[in-house]
Amino acid sequence: MLIAAAVSSNLLVSVLVAAILFGLGRVIIQRVAFAEANPWLVRILTISLVLHLLAAPSQIFVVDHFYHGISDWTRYVGQGATLSANFRHFNFTTAGSDVGKIVNDGSVSIAAGIVMAIVGVNRLATFLVFSWLSFMGCVLFFRAFTLTFPKAEHRRYAYMLFFLPSLIFWTADISKESLMILAGGLLAYGAAKFLARKRGGF
């Protein structure tokens, strides 16, 4: 009974997190489409957002059933869960979490711990957050491209960027890839604004 209640509670939290992320994503999508003056972006970005969120449970299913649970994110989940207990009490130490170096894999576990401190030790909910962050990275890459190449084929680039299977599936978990997509998108957009001499580049 206790296990069933815990599973039900985790599922409820995951659905709530997905709904919040979708709602927040839609607000950002509307703003991006308005800034780009391209109404067709709303549909493309919304479909891509849904695919990113659906990829989170798909990632868990594929790894559990086809890779026998062997994945880098199993370590990040365990270490993140340990760290989240400390973070909730404003104890920002990595002691007892097996996190060796902060730079490298340790940063992923720390990021997982921060998310789990908010959503709880819930693998699916945490994956949804990381997948959403990777989607935001893709949005930033798109904004960087349109700013740098205003006369290029934006629609074709959008299809390639937002529907590339590897960018959707392999960033839908606690991973270096999801954080790298977000960081790369921020860097690309900031550099594009800086080179275009627009405010907000730094």
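Q: Why does Leu179 count as partly exposed in this predicted model?
A: Leu179 has a relative accessibility of 24%, and the class of partly exposed residues lies between the limit for buried, under 20%, and the limit for exposed, over 50%.

Q: Where is Leu179, and what does Leu179 touch beyond its neighbours in sequence?
A: Leu179 is placed in helix 8, and, when residues up to four places away in sequence are not counted, it touches Val108, Ala111 and Phe130. The C-alpha atom of Leu179 is also separated by 6.7 Å from that of Ser134, although these two residues are 45 residues apart along the chain.

Q: Why is Thr46 called buried?
A: The relative accessible area of Thr46 is 14%, and buried means under 20%, so Thr46, which has its place in helix 2, belongs to the buried class.

Q: What makes the pairing of the side chains of Thr46 and Arg26 a polar contact?
A: The two side chains come to 2.7 Å in this contact, which is to be set against a limit of 3.5 Å for a pair of N or O atoms, one able to donate a hydrogen and the other to accept it. Arg26 is also one of the residues with which Thr46 is in contact once neighbours within four places in sequence are left aside, together with Phe22 and Ile29.

Q: How do you know that helix 2 and helix 6 are roughly parallel to each other?
A: The axes of helix 2 (residues 40–66) and helix 6 (residues 154–162) come within 10 Å and cross at roughly 10°. Angles under 35 degrees count as roughly parallel, and the two helices are therefore described in that way. Their contact is made by Trp40, Ile44, Leu45, Ser48 and His52 of helix 2 and by His154, Arg155, Ala158, Tyr159 and Phe162 of helix 6, and by class it has six nonpolar, three polar and one charged residues.

Key:
Residues numbered from 1 in each chain as written. Predicted model: local features only at pLDDT ≥ 70, side-chain atom pairs only at ≥ 80, totals over all residues. Heavy atoms only, no water. Axes fitted to C-alpha atoms, helices over the stretch in contact; angles between N-to-C directions. Helix = DSSP H or I, 4+ residues; strand = E, 2+ residues; numbered from the N terminus. Parallel < 35°, antiparallel > 145°, perpendicular 65-115°, else oblique. Contact = heavy atoms within 4.5 Å. Nonpolar A, V, L, I, M, F, W, Y, C, P; charged D, E, K, R; others polar. Buried < 20%, exposed > 50% of the residue type's maximum accessible area, 1.4 Å probe, protein only.
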